[in-house]
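The sequence and the structure come before the details.

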Amino acid sequence: MGNNNVSTAARGNVDMATMPLRWGHIRVVIIASMGQLIGQGLATLVGVVIPLVEIVIHPELSAGMQGVLGCTALIGRTIGAFVFGKLSDRYGYLFFFRFCPLLMVIASLTAYFCHPLPVLLVCLFFMGFSVGGEYSLDSDYISEIMPERWKLFMVGVAKASASVGSVIVAIICFFMIRTWTSALPWPKLLFIMSAMAGAILLLRIRFAQSPGWLLSKGKRAQAEKAVKYFLGNDVSLPPATPDSTEEASAAKVSFGTFLSRNVKRIIFSGIPWACEGLGVYGIGIFLPILIMSLGIDYLPPSAPRLAHIVNSVELTIWLSVIMTVGFAAGLLLLKKMYHVRMQTIGFFCAAAGLVLLFVAYRLHLPTWIAILGFMIFELFLNAGPHLITFILPTQIYPVADRGTGVGLSAAIGKLGAVAGAFFIPVLLKIGGSSLVLIVTIVAMLAGGIITAWLGRQVLPPTPQKVHRWLL
């Protein structure tokens, strides 16, 4: 017989830490990754909704209010990640894993049935709040179930699924609004979030508590049961090990001490993440508006505003596909290429794409050249910084500082995303597309320079059997 510390079941003969991949692993990755999918889908949806709301509301939305609409869900996401992270550490992952998509359903349906601007803002906040919860849970579930050799790659796969959400939402938005004769039905787009979140909730009804959380509470027998639910009756947890001295002493370290001994790590992981956030969410949320402002939607300025929006959303679909290609390329290189080099090249090539776009815009070059520049930007931003900034913090902080370090890096990154989402429409108002492109180019260069400057000091390359250029 056993108790909470010893499994009552006979131990299996397969160690989950070293076992090969099974369908159970893939199932967890798919279901957990849907949080990333719906999060990026929400950002794409907001980018489509803002110009439609601008048509409906007279006088037109101010640049500041467009910025508020753009960053509200991101603010909710930041707060949600913190709140749900704390709650799930205390009460377990499973309840909140189901509650987050339910909250998305409630908030999106509320915005559909009652859509004055103040209500929309509140609902966007709670939709972002639910996404923040998803982000705090998905990587935990995945990393705790995966065999050791697959953890990093599968967390990267979860992050990459964000681009799929952008493609799906952009396609659905395009086929919906192309049949409209006015912008008045814009609330119908919120049903996209309701449907996606509802599907996620249904997939999570039959699921189990996190084995890692159960172990942290001393409930080994229940953790064994959860592992067998996910992976099979022949799979067992690794033998219990006592907490390391480093982990046990982590709580005794003051925040001031943490800052003093991790300055380079904080700068290296946080500032580039903020630069990437400006590019991903600042540009990403306002992509349809920016496309129209650049005049690359293949319509004359005299065409109806709704027609411009339809064409810009169509181009957004293709740019979102390029995002997916970028993530796929990054995943292929993840185990082969020095991550600092991946991020550095990604930032500089993304900046080069924007320079090409800027030159094409200013010199009135053929539209395909401008679109090519945009595609280069999206390809390298997602193959490098968007993927790697999510992974680097877990690699550079010692165990004693890891929780605080990863959280602080993510917070700095979110600040960049919020700032980008708020200021992009303001920059458009002040200096047009040229100013937006210049500021974003500077941000990409800053991210690349900081990564190259501090990278080898903070994360030295390890010997690998790969080509020299990969290091």
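Histidine 364 lies in the loop between helix 14 (339-362) and helix 15; helices here are DSSP runs of H or I with at least four residues, strands are runs of E with at least two, and both are numbered from the N terminus. The model is a predicted one, in which local features need pLDDT of at least 70 and side-chain atom pairs count only at pLDDT 80 or more, while totals for chains, interfaces and linings use all residues. Residues are numbered from 1 along each chain as its sequence is written, and side-chain values use heavy atoms, with hydrogens and water left out.

Histidine 364 is not a glycine, yet has a positive phi of about 55°. Most residues other than glycine have a negative phi. With 71% relative accessibility, histidine 364 counts as exposed (buried is under 20% relative accessible area, exposed is over 50%, and partly exposed is in between, with a 1.4 Å probe and protein chains only). Tyrosine 298 also has a positive phi, about 60°, although it is not a glycine. Tyrosine 298 is placed in the loop between helix 12 and helix 13, and at 59% relative accessibility it counts as exposed.

## Cavities

Where is empty space left inside the model? Rolling a probe the size of a water molecule over the atoms shows where such space is left. A cavity is a set of points, on a 1 Å grid over the protein atoms alone, where a 1.4 Å probe fits but cannot get out, and lining residues have an atom within 4 Å of a point. Grid points are joined across faces, edges and corners, and a volume is the space filled by probe spheres set on the points. By this rule there are 3 cavities of 30 Å³ or more.

The largest cavity has a volume of about 120 Å³. It is lined by 16 residues, and those closest to its centre are Gln40, Val280, Gly284, Met323 and Glu378. Helix 1 (23-56), helix 11 (263-285), helix 13 (305-333) and helix 15 (367-383) are the elements that give two or more residues to this lining. By class, the lining of the largest cavity has 7 nonpolar, 8 polar and 1 charged residues (Ala, Val, Leu, Ile, Met, Phe, Trp, Tyr, Cys and Pro count as nonpolar, Asp, Glu, Lys and Arg as charged, and the others, Gly among them, as polar).

The second largest cavity holds about 70 Å³ of space. Its lining consists of Leu45, Val46, Val49, Ile50, Val53, Leu69, Leu120, Leu124 and Leu190. Helix 1 and helix 4 (117-145) each give two or more residues to this lining, and helix 1 gives the most, with 5 residues. The lining of the second largest cavity has 9 nonpolar residues, no polar and no charged.

## Residues of helix 1

Glutamine 40 is found in helix 1 and, at 3% relative accessibility, counts as buried. Apart from neighbours within four places in sequence, glutamine 40 is in contact with Tyr135, Ala162, Ser166, Val280, Tyr281, Met323 and His386; contact means heavy atoms within 4.5 Å.

Histidine 25 is also found in helix 1. Its relative accessibility is 0%, so histidine 25 counts as buried. Leaving aside neighbours within four places in sequence, histidine 25 is in contact with Met19, Pro20, Ile145, Met146, Pro147 and Leu231.

## Packing of helix 1

How do helix 1 and helix 8 pack? Helix 1 and helix 8 (residues 220-231) pack at an angle of about 95°, with their axes 7 Å apart. Axes are lines fitted to C-alpha atoms, for helices over the stretch in contact, and angles run from 0 to 180 degrees between N-to-C directions. The two helices are therefore roughly perpendicular to each other (angles under 35 degrees count as roughly parallel, over 145 as roughly antiparallel, 65 to 115 as roughly perpendicular and the rest as oblique). Gly24, His25, Arg27 and Val28 in helix 1 meet Tyr229, Phe230 and Leu231 in helix 8.

The axes of helix 1 and helix 12 (residues 287-294) come within 7 Å and cross at roughly 60°, so helix 1 and helix 12 are oblique to each other. Gly47, Val48, Ile50 and Pro51 of helix 1 make this contact with Pro288, Ile289 and Met292 of helix 12. Its residues divide into 6 nonpolar, 1 polar and no charged.

Terms used. On a 1 Å grid over the protein atoms alone, a cavity is a set of points where a 1.4 Å probe fits but cannot get out, and a pocket is an open set with protein on both sides within 12 Å along at least five of seven lines; lining residues have an atom within 4 Å of a point.
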